[in-house]
Amino acid sequence: MASQAQQSMLDKLNTQIGFIAALDQSGGSTPKALRLYGIEESQYSSDEEMFNLVHDMRTRIITSAPFSGERVLGAILFENTLDREIEGMSTAHYLWQKKRVIPFLKVDKGLQEESDGVQLMKPMPELDALLAKAVAQDVFGTKMRSVVKLANQQGIKAVVEQQFEVGKQILAAGLVPIIEPEVDIHSPQKAEAEALLKLEILTQLNLLSEGQEVMLKLTLPDQANFYKELVDHPRVLKVVALSGGYTRNDANAKLSENQGMIASFSRALTEGTSAKQSKEEFEALLDTAIDGIYTASKS
């Protein structure tokens, strides 16, 4: 049975236009995120200092005036962020109660080595405990990422089956999974990989029971509206697009060509922001970024 908060979040997701901010860089991707924000590795000397700095960066984004539920539907957090507070409230509660932004949690533990042209997710032995923690903080859903590098049918089948298997565990805990089999934008077989991926996702969606709804996070496709069958599928709550290394302008342009898909951008959202900017400069730049991504998500 959905809580009152979860029902309100579901209503927002179903009725409001907007996008999902991906604020979930973790582990190995954190130094890069900080470097793009103008903080070099020489400015911290431990993981704790690094995560303090990245939490300060995320807090600055989340508490800024442009970042609100008017244009931002949701935000994806990393577990370390979930464990921290913003203005005396847990980050997830602050997002929803103060900003009306739906909280999601990244739950994967990273990627395995490449095999059959793909990278599966590493095992998640502590997933049930993490899901229980998320439920206790009124988190709405989760996100987990695999990567597809080549149009290898066996590899892509394995990626999608793993995603949906874990997705069912997440659904059973009362959360909505964002299933993310990312196709590498530099893949020499990108279009062929997308064709195989769509077939495997449709197969798995058709095996879900009535009432089991998932979200999909997919690389912007080579062919406009290629994922329309997924957007329209009764088991799909939303299809969100990852920026995948495209610049914000390129990602927005591609997204505008895909009706029904909304953004879930990370680097493209924070592109150009810096720790050295004044509050006014930072918020003006973030407002421009949010407005562009919101507009592209309205298509």
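Visitor: What does D116 count as at its relative accessibility?

Guide: D116 counts as partly exposed because its relative accessibility is 36%; buried means under 20% relative accessible area, exposed over 50%, and partly exposed in between, with a 1.4 Å probe and protein chains only. The model is predicted: local features need pLDDT of at least 70, side-chain atom pairs count only at pLDDT 80 or more, and totals for chains, interfaces and linings use all residues. Residues are numbered from 1 along each chain as its sequence is written, and side-chain values use heavy atoms, with hydrogens and water left out.

D116 sits in the loop between β5 (102-106) and β6 (118-119). Helices (H or I, at least four residues) and strands (E, at least two) are DSSP runs, numbered from the N terminus. Although D116 is not a glycine, its phi is positive, at about 55°. N225, another residue other than glycine, has a positive phi near 60°. N225 belongs to the loop between β9 and α9 and is partly exposed, with a relative accessible area of 28%.

P221 also lies in the loop between β9 (214-219) and α9 (228-231). P221 counts as buried because its relative accessibility is 5%. Leaving out residues up to four places away in sequence, P221 touches K190, E194, F226, Y227, N258 and M261, where contact means heavy atoms within 4.5 Å.

Two helices come next. Helix α7 (residues 153-172) packs with helix α8 (residues 190-205) at an angle of about 35°, their axes 9 Å apart. Such axes are lines fitted to C-alpha atoms, for helices over the stretch in contact, and angles run from 0 to 180 degrees between N-to-C directions. Among the residues that meet are I156, V160 and F164 in α7 and L196, L197 and I201 in α8. The residues of this contact comprise eight nonpolar, two polar and four charged.

The interior may now be considered. In soluble globular proteins, nonpolar side chains tend to be buried together. The largest nonpolar core holds 78 residues, of which F19, F67, V107, I201, L216 and L230 touch the most other members. A nonpolar core is a set of buried Ala, Val, Leu, Ile, Met, Phe, Trp, Tyr and Cys residues joined through side-chain atoms within 4.5 Å. The largest share of this core, seven residues, is supplied by α7. V107 contacts M124, L127, L130, L131, T142, K143, M144 and I170, apart from its neighbours within four places in sequence. A second, separate core of 17 residues includes W96, I102, I178 and V240.

Helix α10 (residues 248-256) has R248, A251, N252 and L255 buried. Seen down the axis of α10, its buried residues fall within an arc of 100°, so they line one face of the helix; the arc is that of the directions from the helix axis to the C-beta atoms. The cover over the buried residues of α10 includes β10 (236-242), β11 (261-263), α11 (267-270) and α12 (279-297).

Helix α12 contains D287, which is partly exposed at 32% relative accessibility. D287 touches P66 and R71, not counting residues up to four places away in sequence. Between D287 and F67 there are 220 residues in sequence, yet their C-alpha atoms are 7.7 Å apart in space.

Methods: Nonpolar A, V, L, I, M, F, W, Y, C, P; charged D, E, K, R; others polar.
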